[in-house]
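Subject: Structure for your review

Dear colleague,

Please find below the structure that I am handing over to you.

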Amino acid sequence: MGGELEPQRIVRLEDDAVVVLDQRRLPSEEVDLRCASASAVAEAIRTLAVRGAPAIGIAAAYGLALAAERGEDLETAYETLAASRPTAVNLRWALEAMRDDPSRERAERIHADEVARCRAMGAHALELFPEGARVLTHCNAGGLATGGYGTALGAIRAAYEAARIEHVWVDETRPLLQGARLTAWELEQLGIPHAVIVDGAAASLMARGEVDLVVTGADRIAANGDTANKIGTYALAVSAAHHGLPLVIVAPTSTLDPTASTGAEIPIEERDPAEVTARFAARNPAFDVTPADLVAAIVTERGVHRVPYAETLPREAAAAR
Ligand code: MRU
């Protein structure tokens, strides 16, 4: 197996700063970004220096611990961090988990627990991978997105170690190329065979019989299983359904939002249109919602869930809080 991306390399708390591996600069440069205040952490989250649902929760938890150590006003720090991005519920979940104990130790425990959840999901997801699977994934749901190991990419990695993976198709993921820059980089480090494709190529590869299943992460999952993830996931789900292929979501219980009964209640981040094109008018929704009936299975650290999700997911979320 190739290089392991250590959790502390991705995000950590030092004496005077939260330090993140700057994901905007990958894969060409591996440089740290030092965030010396809660608002600097919020800025790092907003600008995607640190990104991915569990990772932004972990970074925010470290940001709140830093604020407590620096004697910052904690309510202001909490609100600034919570407002940095709207869709991934992990952000508020982690801040809420810090409320009674905004300490360094608590933040480190949240980080370690999220990585442990990823490993557990990898083990549960194994049964969903056929022998010799050709998997398609979207965006980046690897160690970079989760503070270590990965959700969807963690499951792919576990399946590869169990000799179930033949090949991984990596959607490039317009407009910010999390697939082409980050997922491909992680797969290369892990020595897993892969190829980057433009997002528009996915359906035609399915039609040619070159895809066996689609596996992605999530940013927020409603009580009925409707799943928000990176823009383009819904289109993949529709294509997969048309070709009779399963779409599997791998996400920890920190991504479940039992207060949203359906995906219609999930806030969708609209980012700067200039990320799409600086020359013309543009629209830049960063996420979409895949309806639960297009999701073949949702894997959490507690097991594999299937339709009807409303019967098991809310109980799962409550047990994990
Ligand atoms: O805008 P991003 O890069 O933060 O979006 C991330 C995703 O959509 C991931 O698929 C999701 O957070 C799951 S990461 C384990």
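P308 is placed in the loop between β14 (303-305) and α12 (313-319); helices (H or I, at least four residues) and strands (E, at least two) are DSSP runs numbered from the N terminus. The peptide bond that leads from V307 to P308 is cis, with omega near -5°. This is a predicted model, in which local features need pLDDT of at least 70, side-chain atom pairs count only at pLDDT 80 or more, and totals for chains, interfaces and linings use all residues. Residues are numbered from 1 along each chain as its sequence is written, and side-chain values use heavy atoms, with hydrogens and water left out.

A cis peptide bond also joins L26 and P27, with omega about 0°. P27 belongs to the loop between β2 (18-21) and β3 (32-35). In the loop between α2 (38-46) and α3, L48 has a positive phi of about 70° although it is not a glycine. Most residues other than glycine have a negative phi, and most peptide bonds are trans.

I turn now to the ligand. Around it are 18 residues, the closest being R51, R85, D219, N229 and K230; a residue counts as near if one of its heavy atoms lies within 4 Å. By class, this shell has seven nonpolar, seven polar and four charged residues. Nonpolar here covers Ala, Val, Leu, Ile, Met, Phe, Trp, Tyr, Cys and Pro, charged covers Asp, Glu, Lys and Arg, and the others, Gly among them, count as polar.

Domain 1 (7-117) and domain 2 (118-320) both contribute to the shell, so the ligand lies between them; the bounds come from an automatic or database domain assignment.

Oxygen atoms of the ligand lie 2.9 Å from a polar backbone atom of A53 and 2.7 Å from an N or O atom in the side chain of N229. The elements that give two or more residues to the shell are α3 (53-70), α7 (143-146) and β9 (227-230).

With kind regards

Methods:
A polar contact is a pair of N or O atoms within 3.5 Å; within protein, one must be able to donate a hydrogen and the other to accept it, and residues adjacent in sequence count only if both atoms are side-chain atoms.
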